[in-house]
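Please read the following points alongside the coordinates; they set out what I would want a colleague to check.

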Amino acid sequence: MGITALALSCACLTACGSYGGGFNGGVSEPDALDPDGNFGYDSVIEQDFSSVTENDTSYFSLDRNTAGFSHVRYEIENGYKPAYDSVRIEEMINYFGYDYPTPADGQTVSVSAYLSDCPWNSDNRLMLVGMKTVEYSLEAENANYVFLIDVSGSMSGDDRLGLAKQGLNMLVDELGGGDLVSIVTYASGVDVLLDGGECDGRGKSKIKNAISKLNAYGYTYGSGGLEQAYKVAKKHFITGGNNRVVIITDGDFNVGINNTDELKEFIQDKAQSGIYLSVLGVGMGNMRDDIMNTLATCGNGNYAYLDNITEARKVLVEELNGTLKTVAKDAKASVKFTDAVSQYRLIGYDTKLISEDDFNNEKADAGELGSNLCVSALYEIKLSDGADGKLADVEIRFKDVTGAEEKNSSAAAQVTISTPSSDDMRFVGCVAEFGLILRNSKYKGTASLKAVTGRLADLAHYTATDPYKREFLSLVGKYSEIDK
């Protein structure tokens, strides 16, 4: 019996499993991409406005997963309205880079804040918290990577195993001569194709040769593959180095662990070994986003979805340090509002909320942040009558793992009534409004595609040098055609 539904969380993160999107306030879902396929997303239940007099502080786990944006793009590019639960607005916002201040010398994370009017609700404001992690070169330490590759029958196709092979070859080109690479595959069984291969010139040719021979067949013994990958990673463990499993899969485990709690316990136990995890999803129609989210969330990892070769290059070349190097472990945020704010609503992070106890517990599991990446959190707030002065205090807590030993650290910022806006914030507002439209959110107010397109046109000077932000404008246009 295989896994038929999987939705779980770590610490106090909560979610429910759903296939092809879930229930959204009584509104019918759009037609799912390949509705007969075995694919699923964790249910996203949007948070309501909170009253500051009743609950003045918002707590959530931080990560920089970007799969939500790639899912939306893939669905729109193929002529479909995205399933509601594939729309995770924080992952859409965090897909892009921003001009947030870099951390000061000796710091790992910087925090900044911005304030603007709310485009879809003239009575409210938007408050943006921007975080930037320190740039850490992979060349600063030797690495031990295990490529865990799903070669089951469901991975057949140019957009699955074919894309995985292209992406892995690009990744190998970026690795240093002192790095070690192992290759583990899983289908009906599990095989170790390469055990601790060196990344010098001759070694890279050997690694690529092994990648070229990968073929899709059989069932999906994913849990067996994970177990073997961690064994190999432990065998070649580099003390003080970067030890990581990189899994590429469509997430469709149908042999092995078939119980949600068992998989959760298994992957959390492995996360304690000092071996990090990068989850790269491919394919659609048989793609199990919920399982891959679980692996990343519970395995001290990050999660990206590769829908084309351009995205593979972005994740595995342009953002390689962020994909393969964690600098802030168990990262979490606290935003405490003053009585100058009457109500607030965190946009996104709906499956990543945590309790005050977990925020204050140094041992509680939370998210991981990679090197040289931007992370954003957006609030819609309603000011109190006569609001003035400070609006909120922001605190980020994490374990700094850039040194020989991890240490507890934090970063903070204040938001005041005079906090300025920025082009970054105006763009973030466009992405958030588009996400609210895609979800048919009850909080979308006067949101419209026309308004998003108009504001993006006004930001032409800002998007001109960023191909991914220019692509976003094109994506809004394509959805406008679908939504006629």
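Which residue is the bridge partner of V341 in strand 16? The bridge partner there is L383.

1. Basis of the note. The model is predicted, so to speak of local features a pLDDT of at least 70 is needed, side-chain atom pairs count only at pLDDT 80 or more, and totals for chains, interfaces and linings use all residues. Residues are numbered from 1 along each chain as its sequence is written, and side-chain values use heavy atoms, with hydrogens and water left out.

2. Overall content. The secondary structure comes to 14 helices and 18 strands, where helices (H or I, at least four residues) and strands (E, at least two) are DSSP runs numbered from the N terminus. Buried residues make up 59% of the 484 residues in the protein, buried meaning under 20% relative accessible area, exposed over 50%, and partly exposed in between, with a 1.4 Å probe and protein chains only. The protein exposes about 18300 Å², of which carbon and sulfur atoms supply 45%; the areas come from the Shrake-Rupley method with a 1.4 Å probe, and for residues only the protein chains shown count as cover. Of the contacts (heavy atoms within 4.5 Å) with a separation of 6 or more, 81% are between residues 24 or more positions apart.

3. Five strands form an open sheet in the order 3-14-16-6-5, with antiparallel pairing; two strands are taken to pair if DSSP finds at least two bridges between them. Strand 3 (50-51) and strand 5 (109-117) stand at the edges with a single partner strand each, so one side of each is left without a neighbour in the sheet. Strand 3 pairs with strand 14 (residues 341-347) over two bridges, with S50 opposite Y344 and S51 opposite Q343. Strand 14 is in turn joined to strand 16 by six bridges, the two running antiparallel, and five of the seven residues of strand 14 are buried.

4. Helix 11 against that sheet. Helix 11 packs on the sheet and touches strand 5, strand 6, strand 14 and strand 16, its direction making about 110 degrees with that of strand 6; axes are lines fitted to C-alpha atoms, for helices over the stretch in contact, and angles run from 0 to 180 degrees between N-to-C directions. The helix has 16 residues and reaches 23 Å from its first C-alpha to its last, close to the 22 Å expected at 1.5 Å a residue, the expected span being 1.5 Å times one less than the number of residues. Because 14 of its 16 residues are buried, helix 11 is largely enclosed by the rest of the structure. Just after helix 11, N440 takes a positive phi of about 50 degrees.

5. The nonpolar cores. A nonpolar core is a set of buried Ala, Val, Leu, Ile, Met, Phe, Trp, Tyr and Cys residues joined through side-chain atoms within 4.5 Å. The largest has 40 residues, of which F96, Y98, L378, F427, F434 and F472 touch the most other members. Elements giving two or more residues to this core include helix 1 (67-77), strand 16 (374-383), helix 11 (423-438) and helix 14 (467-482), and helix 11 supplies the largest share, 10 residues. Leaving aside neighbours within four places in sequence, F472 is in contact with F69, F96, F427, C430, V431, F434 and L456. Apart from this core lies another, of 36 residues, among them A328, V335, L369 and L391.

6. Six strands form an open sheet in the order 9-8-7-10-11-12, with mixed pairing. Strand 9 (190-198) and strand 12 (301-305) are at the edges, each with a single partner strand, so one side of each has no neighbour in the sheet. The twist averages 15 degrees from one strand to the next. Strand 11 (residues 276-281) and strand 12 run parallel and are joined by five bridges, and L277 stands opposite G301 in strand 12. Helix 3 (residues 158-174) packs on the sheet, touching strand 7 (143-150) and strand 10 (242-249), and its direction makes about 170 degrees with that of strand 7.

7. V315 is found in helix 8 (residues 309-318) and is buried, with a relative accessible area of 3%. Not counting residues up to four places away in sequence, V315 touches L280, A304, L306, L320 and T323. V315 and L280 are 35 residues apart in sequence and 9.1 Å apart in space, C-alpha to C-alpha.
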